[in-house]
Every structure is written in structure tokens, then in C-alpha cells.
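I hope they are handy when you open the coordinates.

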Amino acid sequence: MVFKALPYTLKFILFIPRLLLKLHNNQTKALKRSLSTNHGSHLRSQTLNISHLQTSNLANKTLIFDVEGTLLRSSSMFPYFMLVAFESGSLIRAFVLFVLYPFLVLVNDELMIKIMVFVSFFGIKKDGFRVGSSVLPKFLLEDVGLEGFDVLKRGKMKVGVSKLPLVMVECFLKDYLEFDHVFGRELTVFGGYFVGLMKDNKNIIKHSINKVLEEDYDRVCLSNKHANHDWIVCSKDVYVVSNSEKKSWKNLPREQYPKDLIFHDGRLAFRPEPLNMLVMFMWFPFSIFLSIARIAIAITIPYGASIPILEFTGVQLKLTDNNSTTNQMSNGQKQHKGRLYVCNHRTLLDPLYLSFGLKKPFAAVTYSLSRMSEILSPIKTVRLKRDKEQDAKTMDKMLRLGDLVVCPEGTTCREPFLLRFSPLFAELSDHIVPVALDTYVSMFHGTTAGGLKCFDPFFFMMNPHSVYKVRFLDVVHGISSLQTGDSRSTRFDVANYVQSEIGKTLEFECTSLTRKDKYLVLAGNEGIVSSSNK
């Protein structure tokens, strides 16, 4: 009896996905017919391709954008919900969302988003949710199509309508693309926590658009060809774009961003598409053991042996040593103090890689360091108190004992920008060695603003492949080193000079932003590390 029943069971199991796929196709056709009917009954004036707008005068028009359908190149919203699940939730939550992906592709878009919202947001504290402002903008900007952006920037007023929760896209659209009004799905909150459900927005967006644009009748809607939006009736002129057309769009170049992307947070260094996440989940268990092994090698084995072993495991060091630096230091008179190495700050491992590059240990001063990092560090680390006089005494004492490395930015920056250099170091030594650092990671970022800093070294070492570039520049002889003809050069001049030289070497842009600016953007605080974060 069991063997006779087995074929029917298999048939039934195979029949379920076929039925779901058929229902999905039927609903898609129904949506297309509904959109066609809406266009025919409400939009008699014109429904044209978005390419017709490339030569149109839009200076006095209000543009209403279907954000996902007309601005983003990708038609899949899965990566953005995966970022929420991984960065704001946990690895387990992200894995649950990944396992559900085969089922998500069989259902319609509305049900798919509802499922992803529930998995990604359920139980997340509303006040602590900062992924929408600290993580998602980078990935969304990298997905913006140049052709759609060219239309956007020519409008007088820009209105964005998204099918995603508002907390995911509002910061990106208003702060980085300069939208005047943004409408999206509202999430249900209970007791200060998201419950994973979206509020019904039927006709709400349409009424909201009409409310904010009450006196503006010269409107143009831009929508996806296969979408069905009730707010399309807010305009008589509708321009559409198809998914196939978006695939030929170019990415928006970084230099054309309306606002520079200087700060961003999150551990994932890749776009979390389903296939990429499959590779990550397969790699993750092995990477934990590999990370521990790499750290053990760096701590216990001499430099001459540890560097080639680490390179064999995928951790690469590229060293460029300026010969004039060594010559100037060796030919000079014997100093009572050690050398002061001043570098830009990429990760907590900066001093360690300088030590690898020079093949000798020395001390490092830092403004904030977790207890775990202090324990694991093979070189001496000393904390600064953010008190000018006390910190100057501490650094001067360390210099009298030997070489010292300092990162005057006070915090890490992932993007090609340099934060303001604190000028304190310029008063402490006449022999300053600027060091230009840059890093590359393939899977995980080794820095965080809102997460646990004690895991930073582990995440960096968990990458399948990582590169650290260390370049020593010409020695700067204190305040008197500036060859400007002005004998009254100050410590600020020295700090700005060192920053500019490192910026030129790395082709990074120098800014006047500080640690406080970074943490206000990414974490909503001033960057003071609490004990719970160590």
C-alpha cells in the first residue's frame, strides 16, 4: 500500500509549486489588464515611454516618481530586506529570509513584500532602527540608474512614492536624492517595537499627494510599465519604463551623487543578492575558525614568518616604503624621542599592519578601543582621554620610550575621504612620518559605528580575501617643515599639510568633518563608546 501511494504523493508535491506559479502568472496578467484600463479611462492625454522626457523641458513641472520602478535598475527588493534582517536583526533572521526566497519568487509582489517585511522587522525596536539612514543609502545609490536620475534632476519639485516601508527609503530619497516629498508604507508599532505588519495605504498616498500638491496642477507621473498604482491618476501625463529597458541603464557615477556618501555602516561589503548570500552562508562557519587561526598567527609567530603565512591564507599586505624616509631618519642626528607615525584611520588593525610593514613592534595611541582588542593586540596600546593637556603628556611620554603611531582622525572612514586631523601630534615631534593606508575587503567590513566593536578584528579576518596597502611618505619636520615662507606656521598648518599629502597619495578628498559628525549620522550619538559596546 505504501509503494502504491508514493507516486500520487510525489505528484501532489510537484503539483503545488506549479499551481502557485500558475496563480502568479494569472495575477500578473490581471495587473497588466488593470493598468491598461486605468490608463485608458483616466489618462487620455498621453502614456509615453520615459525616453521621451530626455529632451523635454521639466523646469516648471512636478515629477512624481515610482521609486523602485523608475529610479532603481534592479527590480528585486530582496537585497534591501536582507540588509535589514542581517544588520538590524541577526544572522539567524537573515538565514530565515534566505531560506524563504524560493517561495517568495512564486508569489505576487504585494505578498512577497509583506512576507519580507514580517521576517525583517518583527521584534525590531523602532527607536533603535538606523539601517535606513546608515546602511541602505549606499546600496540604494549604487542601484540608481543614470537615465532615471537625469530626468529627476531636471524637475522643479520631486515627489517619491515607494512600495517599501518609509523607514527604509525616506533618508535615502530626501538626504541623498533631494526629494521634496516622500510617501511609502507605514509599519505597525506596538510597545515601541515593529510587529512586522504594514498599514493599509489604499487611496492614502493618492490623497496625500493631492494634499501637498494642492495648488500645483502641472504634474508628470513616472511609473513602471507593469505596475498598478492608484496614485497614477494624480497626473494626466504618465511616462513608463519597462524592466527590460532598465537593465540597459548605466549606474549613477559617484561623482554625480547630489550629496557625497562619506559615512555608512553595516558589516556586509557586498550586495546581498540570493546567490551572494548562499556563498556567504556556506563560507561563514569556516571563516570563524579561519579568523581565529589568522589572529593566532599574527600574535604568536615572528613577523618574518607570519607575513607570508597570512598572505597564503588570503590576507595580503602591500608595502611601499619611500627610501627618502629611511635615509632622512638614519642620516639625521640621534633623537631623544622615537619616530611619530601619523596615518589615516581605516580599521582598528592600522597600527598592527604598520608593525608588520616595519617588522618591529611599537606603541599606538587610540581614542577608543574595546577590551577584547586590547587583549588581542600584539603591540602596546594606550588610550587617550580627549583632554588636550593630558593626552599631550601621554603621547610625549610614549615617544620618549620609542616609536609611536597615531591616527589623528579619531575614527575610521571607509569611503575615499579623510576626516579632519587633530593638530595635537604636530606639537610633539619634529620628525613626523605620514603613512597612507587603504584597505580592500571582499565580504565583511572590519569596522562598525552602531555594532559591537569587539568583533571588528574578527570580521576583518573572516574575509576570504583582504588587502592592506601601506605607503610611507616623506618625513615632515614638525612646524618648521612647511616651506611656505611664513615663519608663523601653526600646528593647524602642519596637520592640514599632513592630511593633504596623505589625501594626494590615496586620491582621497580632504574634509573638515569629525568623529562627532560621523556618529551623529550613523549611530545618533556623539561616538562615546559605552561599556556595553566593548
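1. A residue is called buried here if its relative accessible area is under 20%, and exposed if that area is over 50%. By that cut-off, 50% of the 534 residues of the protein chain count as buried. Please keep in mind that this is a predicted model.

2. For an overview, the protein chain holds 21 helices and 17 strands. Among contacts in the chain with a separation of 6 or more, 77% are between residues 24 or more positions apart.

3. Let us turn to helix packing. Two packed helices are described by the angle between their axes and the distance between the axes. Helix α3 (residues 78-89) packs with helix α6 (residues 109-121) at an angle of about 15 degrees, and their axes are 8 Å apart. Because angles under 35 degrees count as roughly parallel, α3 is roughly parallel to α6. The crossing of these two helices is left-handed. On the α3 side the contact is made by Phe 78, Phe 81, Val 84 and Ala 85, and on the α6 side by Ile 113, Met 116, Val 117, Ser 120 and Phe 121. Sorted by class, this contact of α3 with α6 has 8 nonpolar residues, 1 polar residue and no charged ones.

4. Helix α4 (residues 91-99) and helix α13 (residues 274-300) pack at about 135 degrees, with axes 11 Å apart. That angle makes α4 oblique to α13, and α4 passes α13 in a left-handed crossing. From α4, the contact involves Leu 91, Ala 94, Phe 95 and Phe 98; from α13, it involves Pro 274, Met 277, Leu 278, Met 280, Phe 281 and Phe 284. The contact of α4 with α13 has 10 nonpolar residues, with no polar and no charged ones.

5. How many aromatic pairs does a search of the whole structure find? The search finds 19. One of them joins Phe 129 and Phe 194 edge-to-face, at 6.0 Å centre to centre and with 85 degrees between the planes. This pair links distant parts of the chain: Phe 129 is in the loop between α6 and α7 (131-134), Phe 194 is in strand β6 (residues 193-198), and the two are 65 residues apart.

6. Helix α16 is mostly covered, with 8 of its 9 residues buried. The buried residues in α16 are Asp 350, Pro 351, Leu 352, Tyr 353, Leu 354, Ser 355, Phe 356 and Gly 357.

7. Now for backbone angles. Most residues other than glycine have a negative phi. Just after α16, Lys 359 takes a positive phi of about 60 degrees. Lys 359 lies in the loop between α16 and β11 (363-366), and counts as exposed because its relative accessibility is 54%. Glu 178 likewise has a positive phi, near 60 degrees, in a residue other than glycine. Glu 178 is found in the loop between α10 (166-176) and β4 (181-185), and is partly exposed, with a relative accessible area of 45%.

8. Gln 499 counts as buried because its relative accessibility is 6%. Leaving aside neighbours within four places in sequence, Gln 499 is in contact with Leu 418, Leu 419, Arg 420, Phe 421, Cys 510 and Thr 511.

Terms used:
Residues numbered from 1 in each chain as written. Predicted model: local features only at pLDDT ≥ 70, side-chain atom pairs only at ≥ 80, totals over all residues. Heavy atoms only, no water. Axes fitted to C-alpha atoms, helices over the stretch in contact; angles between N-to-C directions. Helix = DSSP H or I, 4+ residues; strand = E, 2+ residues; numbered from the N terminus. Parallel < 35°, antiparallel > 145°, perpendicular 65-115°, else oblique. Left-handed = near helix turned anticlockwise from the far one by under 90°. Contact = heavy atoms within 4.5 Å. Nonpolar A, V, L, I, M, F, W, Y, C, P; charged D, E, K, R; others polar. Phe/Tyr/Trp six-rings, centres within 6.5 Å; stacked < 30°, edge-to-face > 60°. Buried < 20%, exposed > 50% of the residue type's maximum accessible area, 1.4 Å probe, protein only.
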